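Hi,

Here is the structure I promised to pass on. Have a look at it first, and then read on for what turned up in it.

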Amino acid sequence: MTWLVEQKMPTPPGDRMAELWRRPNILRIPGAHHAYAGIVAKRAGFEALYLSGGALSQMLGLPDLGIMTLEEVCFFARSIYRATGLPILVDGDTGYGEVLNVVRMVRELEDAGAAAVQIEDQILPKKCGHLNDKKLASPQEMAAKIAAARKARRHLRIVARTDALAQEGIEAAIARARLYLEAGADAIFPEALTSEEMFRTFARAVDAPLLANMTEFGRTPFFTAEQFEDFGFKMVIWPATSMRVASKALHELYATLAEAGTVEGYLQHLSTRAEVYDVIKYSDYEALDSTIAQSIVPPPLS
């Protein structure tokens, strides 16, 4: 069945996300940079998704410097939610402006089907959390944005991200996290921690659901979901992995095509037409209109 005719779920997405992170085991949240990736992640058994601002910016050919607009993010959030029905944590960067912009962001993302939004305490031009020379908003400015988001939300959960570790140290990052919780955040995302002890220290000091970022090529060493759970964290994201896999595959594809002038020898790396149609439920869409004859997928060439 397609989202065109599916019934609306009785429990709002934000409430479903909170139910997931209240469970005993850590919630594994892979990044999905478009709807197709979200469907594949759901088929693999994941129960929630992450929509990365960095991954989306790169999809648009832009750097992750806060250039992308709220409308662009809402388009992807809406399409992923419609395609999967899963709770989505959306990267809201710095809130797309000040307090009133944050209020609008919350309402727009809720209308798009988002379950939670992440807001970070950088100022524009913001950077990936694992790069150097990030510029921070004051704790009070960030707390005001969190309070505004809390006031505006109907069900959307608020995840406050602090990037203060590199510039101000872990004690300051912990102090910011506590302030953000007082302002109304539902969960805390301490960015770019660099050791097991840092994760454990943060978990001991902050009484809230905590989110870990297991991005590749960053400052955080590789840990498994089970290790993050042991550290005291309730959620872990792999924010841009799906985009990086797609990027690597595109480089290889175009290099092969440019050199060989054909992809015949590369077919083993491609999903077949039948596999793609199965993912997007092609026949279900056809069934909505009895005047459309069922398409017959041609067999692969031998």
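This is a predicted model: local features need pLDDT of at least 70, side-chain atom pairs count only at pLDDT 80 or more; totals for chains, interfaces and linings use all residues.

Residues are numbered from 1 along each chain as its sequence is written, and side-chain values use heavy atoms, with hydrogens and water left out.

**The phenylalanines**

Back to Phe228 and Phe231. They are three residues apart in helix H10, so about one helical turn separates them. (Helices are DSSP runs of H or I with at least four residues, strands are runs of E with at least two, and both are numbered from the N terminus.) The structure holds nine aromatic pairs; rings of Phe, Tyr and Trp (its six-membered ring) pair if their centres lie within 6.5 Å, and planes under 30 degrees apart count as stacked, over 60 as edge-to-face and the rest as tilted. One of these pairs is Phe223 with Phe228, edge-to-face at 5.6 Å centre to centre and with 75 degrees between the planes. Phe223 and Phe228 are both buried. Phe228 also pairs edge-to-face with Phe231, at 5.9 Å centre to centre and 85 degrees between the planes. Ring pairs join Phe199, Phe223, Phe228, Phe231 and Phe233 into a cluster.

**Salt bridges**

How many salt bridges are there? The count comes to 22, taking a salt bridge as a side-chain nitrogen of Lys or Arg within 4 Å of a carboxyl oxygen of Asp or Glu.

- Asp64 and Lys126 meet through their side chains at 3.2 Å, N to O. Asp64 is in the loop between helix H3 (53-59) and helix H4 (70-84) and Lys126 in the loop between strand S4 (116-120) and helix H6 (139-152), so this pair ties together parts that are 62 residues apart in sequence. Asp64 counts as buried at 15% relative accessibility, and Lys126 is buried with a relative accessible area of 1%.
- Arg176 bridges to Asp121, with the closest N and O atoms 3.2 Å apart. This links distant parts of the chain, with Arg176 in helix H8 (residues 170-183) and Asp121 in the loop between S4 and H6, 55 residues apart. Both Arg176 and Asp121 are buried.
- Arg244 bridges to Glu216, the closest N and O atoms being 2.6 Å apart. Arg244 sits in helix H11 (residues 241-260) and Glu216 in the loop between strand S7 (211-213) and helix H10 (225-231), so parts 28 residues apart in sequence are tied together. Arg244 is partly exposed, with a relative accessible area of 30%, whereas Glu216 is buried at 12%.

There is also a network of salt bridges that links Asp64, Asp93, Glu120, Lys126, Arg161, Asp163 and Glu191.

**Strand S3 and its neighbours**

Next, have a look at strand S3 (residues 88-91). Ile88 and Val90 point one way from S3, Leu89 and Asp91 point the other way, and all are buried. S3 runs parallel to strand S2 (residues 49-51), and three bridges join them; strands pair if DSSP finds at least two bridges between them. Across from Leu89 stands Tyr50. S3 and S4 also run parallel and are joined by three bridges, and the partner of Leu89 in S4 is Ala116. From S3 the chain crosses through helix H5 (residues 99-112) to S4 in a right-handed β-α-β crossover, meaning that with the strands pointing away from the viewer, the path from the first strand over the helix to the second runs clockwise.

Arg157 is in strand S5 (residues 157-162) and is buried, with a relative accessible area of 16%. A polar contact of 2.7 Å joins its side chain to that of Asp15. (A polar contact is a pair of N or O atoms within 3.5 Å; within protein, one must be able to donate a hydrogen and the other to accept it, and residues adjacent in sequence count only if both atoms are side-chain atoms.) The Arg157 side chain also reaches the backbone oxygen of His155 at 2.9 Å.

His34 lies in the loop between strand S1 (27-30) and helix H2 (35-43) and is partly exposed, at 26% relative accessible area. Not counting residues up to four places away in sequence, His34 touches Met59, Phe76 and Ile80, a contact being heavy atoms within 4.5 Å. A polar atom of the His34 side chain lies 3.1 Å from the backbone nitrogen of Ala37.

Cheers

Terms used
Buried means under 20% relative accessible area, exposed over 50%, partly exposed in between (1.4 Å probe, protein chains only).
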